Amino acid sequence: MKRVLPIQFSMKPRVLSGIQPTGSLHIGNYLGALKNWVRMQHDYECVFCIVDLHAITVYQDPAELRQKIQQTAAIFLAAGIDPKISSVVVQSTVAAHAELCWLLTCATPLGWLERMTQFKDKAAKQESIGDGLLQYPVLMAADILLYKANAVPVGDDQSQHLELTRDIAQSFNARYGDTFVMPETRLPSVGARIMGLDDPTKKMSKSETGSGHAISLLDPPSVIRKKVMRATTDSNPAVDLENMGPGVQNLLAIHQAFTGWSDGQMKAHFPGMRYGDLKKTVAEAVVAGLEPIQQRYNEIAADPTYLKQVLRDAADRVSPIANDTVRTVKQRMGIYTE
Ligand code: TYM
C-alpha cells in the first residue's frame with residue numbers, strides 16, 4: 001500500500017501529548033486536549049500517542065483494550081488530526097518509550113512519585129496496587145522527553161505530572177549534562193477542567209460509570225440532549241453570572257469551549273436565561289460540535305486497513321528520533337551502546 005506520511009521531521013518546535021485508550025473518550029478529553037491538538041498541529045511537529053502502556057497500569061480486559069486502541073486512533077483522526085502532518089502513534093509500538101522509562105526510573109527519587117495526587121487517588125480505589133501505577137508519571141515523562149517536546153497540550157489534571165517531568169529532566173541534565181528540553185504545559189483557556197454533569201464538584205472522568213456523568217464523543221444526539229437536560233445546576237431559577245454554582249459554570253464553559261464565543265458574547269447572551277433554556281442551548285452546541293466528528297469517525301472506522309497503515313507509518317516516522325534519544329541517554333549514563 002502507498003505510504004501516507006513523509007518520513008522526514010521538520011525543524012518546527014515539537015508537541016507531544018497522549019490519551020489512554022480506556023473507557024469512552026468524553027467531551028473533557030476533547031475540550032481539554034484534542035481540540036487544542038488539532039489547532040497546534042499546523043505550528044508544531046506533533047506526536048500524538050495512544051498510551052496503551054499507561055492503560056495497563058490498572059487491569060484491562062485484553063479484547064476490549066485492543067478494540068479501544070483502534071477506536072481512540074480513529075477518534076484522533078475524526079477530531080481533525082491530519083496524519084499527513086502529525087504522527088499518531090500507539091505507544092507500545094515504539095519500544096523506546098518503555099526503554100527510556102526504565103532509564104529515567106533509575107534516576108527518579110521514590111518520594112517524588114509517592115507525592116503524585118493521581119497515584120494517591122487511583123491507589124485508594126484499588127485493592128492491590130501494581131508497581132506500574134507508581135511508575136506511571138515516569139513513563140509519561142519518557143513519552144515527552146523522548147521527542148524533546150517543547151509544548152505539551154493537556155487538561156489541568158496533568159499539570160502535576162508535567163511539573164514532575166520537568167523535575168526529572170532538570171535533575172538528569174544536572175547530573176549527566178544537558179540532554180533534555182524543558183517542556184511547557186499548554187492548557188486551553190476554556191475547558192481545561194470539565195466537570196461531571198451529575199456532580200460538578202468532580203472532574204469528568206472516563207472511569208466514572210454513572211450514565212449521567214460524562215458525554216461520550218460518540219453519544220448520539222438524543223443521548224447528549226438527555227444528559228445535558230439532567231445536569232445538576234443549583235437552586236437559582238436563571239443564570240446570574242455574579243452568583244452561580246459549579247454546575248452552571250460548567251455548562252457555560254462547555255458552551256464557550258464548543259462555540260469559541262468570546263467572554264463578551266457569553267455576557268451578552270446568558271444572564272437571565274432560565275436553566276431549561278440554558279440546557280437546551282448547551283445541548284445544541286455540543287450536538288453541533290460533535291456531529292462532524294461522529295460522521296468522520298464512522299467513515300474511518302469502516303476502513304481498518306487505512307487506520308493500521310497510518311499507525312504503522314507514524315511509528316516508522318518517529319522511531320529514529322526516539323531511538324536516537326535513548327542512545328544518547330545510555331551513553332550519558334555509561335550503559336553499553338556498542
Ligand atoms: P487521560 O487519558 O486521562 O486524558 C487525556 C487528556 O484529556 C484531558 N482531560 C480533561 N481535560 C479537561 N477536563 C476533563 N474532565 C478532562 N479529563 C481528561 C487530560 O488532561 C489529558 O490531556 N496521563 C495522561 C496520558 C499521557 C500523556 C502523556 C499526556 C500519557 N503520556 C504524555 C501528555 C503527555 C492521561 O491519563 O490522560
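The model is a predicted one. The domain assignment gives domain 1 (14-191 + 303-333) and domain 2 (221-297). Between them, these two domains bury about 960 Å². The structure also holds 1 cavity of 30 Å³ or more.

**Domain arrangement**

- Domain 1 is assigned in two segments, 14-191 and 303-333, whereas domain 2 is given as 221-297.
- Taken over C-alpha atoms, the centres of domain 1 and domain 2 are 31 Å apart.

**Interface between the domains**

- The contact involves 12 residues of domain 1 and 10 residues of domain 2.
- Of the roughly 960 Å² buried between domain 1 and domain 2, 76% is on carbon and sulfur atoms.
- On the domain 1 side, Ile27, Ala78 and Val190 supply 48% of the area buried against domain 2, more than any other three residues.
- The count of salt bridges between domain 1 and domain 2 is 0.

**Cavity**

- By class, the lining of the largest cavity has 4 nonpolar, 2 polar and 1 charged residues.

How values were computed
Residues numbered from 1 in each chain as written. Predicted model: local features only at pLDDT ≥ 70, side-chain atom pairs only at ≥ 80, totals over all residues. Heavy atoms only, no water. 1 Å grid on protein atoms, 1.4 Å probe; cavity = no way out; pocket = protein on both sides within 12 Å on 5 of 7 lines; lining within 4 Å. Points joined across faces, edges and corners; volume = space filled by probe spheres on them. Nonpolar A, V, L, I, M, F, W, Y, C, P; charged D, E, K, R; others polar. Domains from an automatic or database assignment. Contact = heavy atoms within 4.5 Å. Buried area = accessible area lost by both parts, 1.4 Å probe. Salt bridge = Lys/Arg side-chain N within 4 Å of Asp/Glu carboxyl O.
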